[in-house]
Protein chains: 2
Amino acid sequence: MSPTIRVAVLGAAGETGSSIVNGLVEHGNFSIAALLRPQSISKPANQALKSRGIDIIPTDLSGPKEDLVRALKGTDVVISAISAMELQSQMPLADAALEAGVKRFVPCAFMPIVPAGGVMMLRDAKEEVYNHIKVIKVPYTIIDVGWWYQLTIPRVPSGKTDYFSGSQDLFNILVGDGETHGALTDLLDIGRYVAAIIADDRTLNKYVFAHNEIFTPNQVYEMVQRLSGETLTREYIPAETLYKQLNELNKALEKDPTDLVAMVDKVGVQYKISWGARADNTPQNAKYLGYLDAKELYPEFKFRSLEDYTVGLLEGKSKPVYSDNKDMQAVMKARLARSG
Amino acid sequence: MSPTIRVAVLGAAGETGSSIVNGLVEHGNFSIAALLRPQSISKPANQALKSRGIDIIPTDLSGPKEDLVRALKGTDVVISAISAMELQSQMPLADAALEAGVKRFVPCAFMPIVPAGGVMMLRDAKEEVYNHIKVIKVPYTIIDVGWWYQLTIPRVPSGKTDYFSGSQDLFNILVGDGETHGALTDLLDIGRYVAAIIADDRTLNKYVFAHNEIFTPNQVYEMVQRLSGETLTREYIPAETLYKQLNELNKALEKDPTDLVAMVDKVGVQYKISWGARADNTPQNAKYLGYLDAKELYPEFKFRSLEDYTVGLLEGKSKPVYSDNKDMQAVMKARLARSG
């Protein structure tokens, strides 16, 4: 048995963060701490962490560096699953991790494969953090995970899946002819991949791509029809329409850079362009971009199939995503209101 | 014997480009073309290429894409050793290479190890090109080479090395205590590394670091003293002084962004900070940043030692660098004039 690895997780109560904490607990070889804003510690989701034996470390990322360094002393691995709105706050965390002698810093990546350089503003914001990490020379691992099952399955006419909240249809469209292959992963498996990856010396200072299965959107629709026995209408959206939408959103954001709905919609459109029109989110492209493939690193890894996930979803057994996330809920509501 | 690989070189008459052409010729397994601006074909250096059996392909990087695509049809590997001033012109070349079915695009890297993200403007300008390559998905290899021997050896008091032009002392200083290790390579060996790397499937879509030897500046001075029998004075420059100089140069460039001397000096100061103060230019850092190591790929590779190079330099046998480069000569002259 290898010695226990001490891990600190930022954003432990978020969607990806929860999966990571669960994965670490299940793996069993980690002692786990959650880095929490002092004012957030009393939140129910964070108190729930405490009751599971997760250490709580009050952490103010905008506070003095020496406090952050002290908080991270003795930590082997720092994992950040911070929200997309706060990516830049990882810079001081990385600085402190370096000074505290942290052996591996895992910044918030956990997204589909997208190249840096103008395809997605979200990806480019992450690149700035990766660059900072490499400039200060803290040991790192960057883990991307493909597209969540949880944002993949289209609604069925019977309304059986409507309990799954409105978030699922944010991205759930057929781009072009619906034949672009994309890598999909169960959100609930992400933490188990992360546990395997951070316990593995081969992944130090590397990019790793972890995904469960490959589907085209057409294949997803066919599978959902087969499993539900319902007939789904397919709306195909040409790539040019997406580029036009992006153009409109850029104009709206030029006028009002604080327009949160436009920002979230832009992230959505850029995602669709990336996986749907550009076919970025594939294991081949990950390899081309320099990633190790978790399928090769962990050939024995057991994951849930998209079919099993879909069966559970149709049976009403899936936990909706973003349901505890007030920011996302507010954006959804604003989107609905705007679209009338 | 593997089939002949058809290579097209941009910047074939420059310092790195000449080394590359020589390395490809020596390797023997390549058919070589030089991509030349139509108005440069008549230059003596380019005519010399022709007389060595190098194909000349007139290439206007700002011309219509279809002309570039036609020029690259049938080319297996495109290597760019373009000047630092024209890095962005590689974008249309990469676009055309993709469309022409080029199997490997080697952009202009060929520098010491420096991370992207604000350490060096020259490195960040190259990063933009690398990002473009990855966005369009042309197969690539990025090759960095450490610091040239040719810019490493300090002048000796007897003046024996003064024939080597003024370029050598652009970067030849002792930063801090002079104890920072750095990777050094003979400019004349670079092409031989490139030939090995582009004939090797393991390096496709990878970063490769090729260097000859590791020295500290103090060790260089000691070696030169031993070989020349002369006593050299050492001037140590504290890192803070370099950061102050950088600050001044940034101010000058803010006032006049076209100040070429300030720009070249900024590149020089940023290099000194990178290898001297930050210790970026090491095989360890290359590995950390994701590079393959040519020492591991080609353990049998024969290179010239720094000692052998220095003996030749002291005997008057080294070919000065940048002596054919009018731009660099003009900058040197302007620098000298400015420093009085």
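Colleague: In which hand does α4(B) cross α5(B), right or left?

Modeller: α4(B) passes α5(B) in a right-handed crossing. A crossing gets that name if the near helix is turned clockwise from the far one by less than a right angle. Keep in mind that this is a predicted model.

Colleague: What makes α4(B) and α5(B) roughly parallel?

Modeller: Helix α4 (residues 90-100) of chain B packs against helix α5 (residues 121-136) of chain B at an angle of about 25 degrees, and their axes are 10 Å apart. Angles under 35 degrees count as roughly parallel, so α4(B) is roughly parallel to α5(B).

Colleague: Which residues make the contact of α4(B) with α5(B)?

Modeller: On α4(B) they are Gln90(B), Met91(B), Ala94(B), Asp95(B) and Leu98(B). On α5(B) they are Glu128(B), Val129(B), His132(B), Ile133(B) and Ile136(B). By class, six are nonpolar, two polar and two charged.

Colleague: Why are α8(A) and α9(A) called roughly antiparallel?

Modeller: The axes of helix α8 (residues 239-255) of chain A and helix α9 (residues 260-277) of chain A cross at roughly 155 degrees and come within 9 Å. Angles over 145 degrees count as roughly antiparallel, and α8(A) and α9(A) are therefore roughly antiparallel to each other. Their crossing is left-handed. Among the residues in contact are Leu242(A), Leu246(A) and Leu249(A) of α8(A), and Met263(A), Val269(A) and Ile273(A) of α9(A). The contact has twelve nonpolar, three polar and three charged residues.

Colleague: What makes β3 and β5 of chain B edge strands?

Modeller: The sheet of chain B is open, with five strands in the order β3-β2-β1-β4-β5 and parallel pairing. β3 (55-58) and β5 (104-106) each have a single partner strand, so one side of each is left without a neighbour in the sheet. From one strand to the next, the twist averages 20 degrees.

Colleague: How do you know that β1 and β2 of chain B pair?

Modeller: Two strands pair if at least two bridges are found between them. Strand β1 (residues 5-10) and strand β2 (residues 30-36) of chain B have six bridges, in the parallel sense. Ala8(B), for instance, stands opposite Ala33(B) in β2(B). Helix α1 (residues 15-27) of chain B lies across β1, β2 and β4 (77-80), and runs at about 160 degrees to β2(B).

Colleague: Which strands of the three-stranded sheet in chain A are at the edge, and what shows it?

Modeller: The order of this open sheet is β6-β10-β13, with parallel pairing. β6 (141-144) and β13 (291-293) of chain A each pair on one side only, as edge strands do. Strand β10 (residues 206-209) of chain A is joined to β13(A) by three bridges; at least two are needed for a pair.

Colleague: What is the relation of chain B to chain A called, and why?

Modeller: Chain B is superposed on chain A by a rotation of 180 degrees with 0.0 Å of shift along the axis, at an RMSD of 0.0 Å. That is the relation of a two-fold axis. Gly290(B) is the residue of chain B that comes closest to the axis, at 4.1 Å (C-alpha).

Colleague: How do you know that the copies meet through the same surface?

Modeller: Of the interface residues of chain B, 100% are also interface residues in chain A, so the surface is the same.

Key: Residues numbered from 1 in each chain as written. Chains lettered and ligands numbered in written order. Predicted model: local features only at pLDDT ≥ 70, side-chain atom pairs only at ≥ 80, totals over all residues. Heavy atoms only, no water. Axes fitted to C-alpha atoms, helices over the stretch in contact; angles between N-to-C directions. Helix = DSSP H or I, 4+ residues; strand = E, 2+ residues; numbered from the N terminus. Parallel < 35°, antiparallel > 145°, perpendicular 65-115°, else oblique. Contact = heavy atoms within 4.5 Å. Nonpolar A, V, L, I, M, F, W, Y, C, P; charged D, E, K, R; others polar. Least-squares fit on C-alpha atoms with pLDDT ≥ 70 in both.
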